[in-house]
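Visitor: I am new here and would like a close look at a single part. Please show me the whole first.

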Amino acid sequence: MTAEAIVVARGISKSFGSIRAVDEISFQVTLRECYGFLGPNGAGKTTAIRMVSCHIPLTSGILNVFGLDVSQHSREIKAMVGVAPQDNNLDPDLNVIENLVVYSRYFDIPRREAERRSRELLEFMSIDERRKEQVTRLSGGMQRRLIVARALINDPKLLILDEPTTGLDPQARHLIWQRLRELKRKGVTMILTTHYMEEAEQLCDRVAVMDSGKILVEGPPRELIERYAGRDVFEVRRAEDNRVLLRLQGLEFGFERAGDTIYIFSRDGDEIGRRLLSIRELEVLHRRANLEDVFLRLTGRELRD
Ligand SMILES: Nc1ncnc2c1ncn2[C@@H]1O[C@H](COP(=O)(O)OP(=O)(O)OP(=O)(O)O)[C@@H](O)[C@H]1O
Ligand SMILES: [Mg+2]
């Protein structure tokens with residue numbers, strides 16, 4: 001393990017009865033890095049990060065956080081980690097600020113200090129004016145911001161966020177992104193899961209794409225995009241394969257057909273673009289390749305649930 005490795009997972013697995021939710025995955029998260037887990041519903045993302053946050057024990061493998069073995073040092077690790085779970089598990093009987101103050105007891109933070117910190121965090125997440133409100137009356141976006149504020153109450157060195165912005169409007173999502181970037185600049189290491197590929201591209205230094213409990217690929221978003229989707233994507237709608245693909249003979253490209261669309265992936269799409277333009281009445285969308293292309297190419301387009 002290098003000095004900078006905050007999380008080191010070697011061949012970790014988790015089974016629930018006969019379900020192998022996480023299947024011998026290995027990864028490292030280094031200091032100040034933002035590491036993302038991507039993958040379809042049921043891929044094993046939540047299970048993987050719940051092992052890191054010491055909320056569920058491993059079935060097998062080795063997992064160290066801050067150089068400590070999770071099976072023996074969960075208390076020490078939990079003291080240094082902040083967790084925003086996938087579901088909003090706020091206490092509905094408490095108001096906004098009480099949710100933070102009561103939560104701070106897990107970390108033995110003195111009451112006055114907890115109150116001071118709670119106000120600061122509520123301001124940081126732009127919900128301070130609602131601090132006396134019952135949490136059940138908050139919008140989804142506010143509840144999510146409160147969950148992130150709560151995850152920060154113990155001033156964590158490692159922040160674990162399970163789908164921090166799912167279901168939020170663009171305003172709330174961008175606010176959370178800004179705050180997470182600020183925390184990153186301050187030196188907080190992060191692990192997050194997301195179904196929003198733009199979120200992963202915006203925030204993550206590296207991502208792992210998971211499916212069926214395995215990590216399929218791992219790397220910086222830009223590198224994965226170049227490697228698995230190229231640079232240019234042409235979406236050709238309502239076309240017969242032959243007509244399009246015959247025209248592109250002799251060029252190097254990958255393609256995929258899904259529903260009414262042929263996706264053409266290329267590292268240098270200039271010539272492809274010219275030839276497609278020469279086919280009359282073709283509806284073509286030309287765009288840059290993105291992480292969503294990588295995700296769909298690796299995990300397929302079949303529905304999971
Ligand atoms: N406590 C549990 N008991 C039984 N099965 C579980 C439990 N938790 C997760 N699973 C199963 O493990 C697999 C992985 O689930 P997990 O929640 O880790 O996926 P995920 O990648 O987070 O999915 P999503 O994107 O839907 O949140 C799924 O098949 C799920 O049904
Ligand atoms: Mg999940």
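What is the relative accessibility of Thr46, and what does that residue count as?

Guide: Thr46 has 24% relative accessibility, so it counts as partly exposed (buried is under 20% relative accessible area, exposed is over 50%, partly exposed is in between, with a 1.4 Å probe and protein chains only). This is a predicted model, where local features need pLDDT of at least 70, side-chain atom pairs count only at pLDDT 80 or more, and totals for chains, interfaces and linings use all residues. Residues are numbered from 1 along each chain as written, chains are lettered from A and ligands numbered from 1 in written order, and side-chain values use heavy atoms, without hydrogens or water.

Thr46 has a partner. Thr46 sits in helix 1 (residues 45-52), while Gln86 is in the loop between strand 6 (81-84) and helix 3, so the pair ties together parts 40 residues apart in sequence (helices, H or I with at least four residues, and strands, E with at least two, are DSSP runs numbered from the N terminus). Gln86 is partly exposed too, at 36% relative accessible area.

Helix 3 (residues 96-103) and helix 4 (residues 111-124) have axes that come within 9 Å and cross at roughly 130 degrees (axes are lines fitted to C-alpha atoms, for helices over the stretch in contact, with angles from 0 to 180 degrees between N-to-C directions). The two helices are therefore oblique to each other (under 35 degrees is roughly parallel, over 145 roughly antiparallel, 65 to 115 roughly perpendicular, the rest oblique). Among the contact residues are Leu100 of helix 3 and Leu122 of helix 4 (contact means heavy atoms within 4.5 Å).

Helix 5 (residues 140-151) also meets helix 3. Their axes come within 10 Å and cross at roughly 25 degrees. That makes helix 3 roughly parallel to helix 5. Val96, Asn99, Leu100 and Tyr103 of helix 3 meet Leu146, Ala149 and Arg150 of helix 5.
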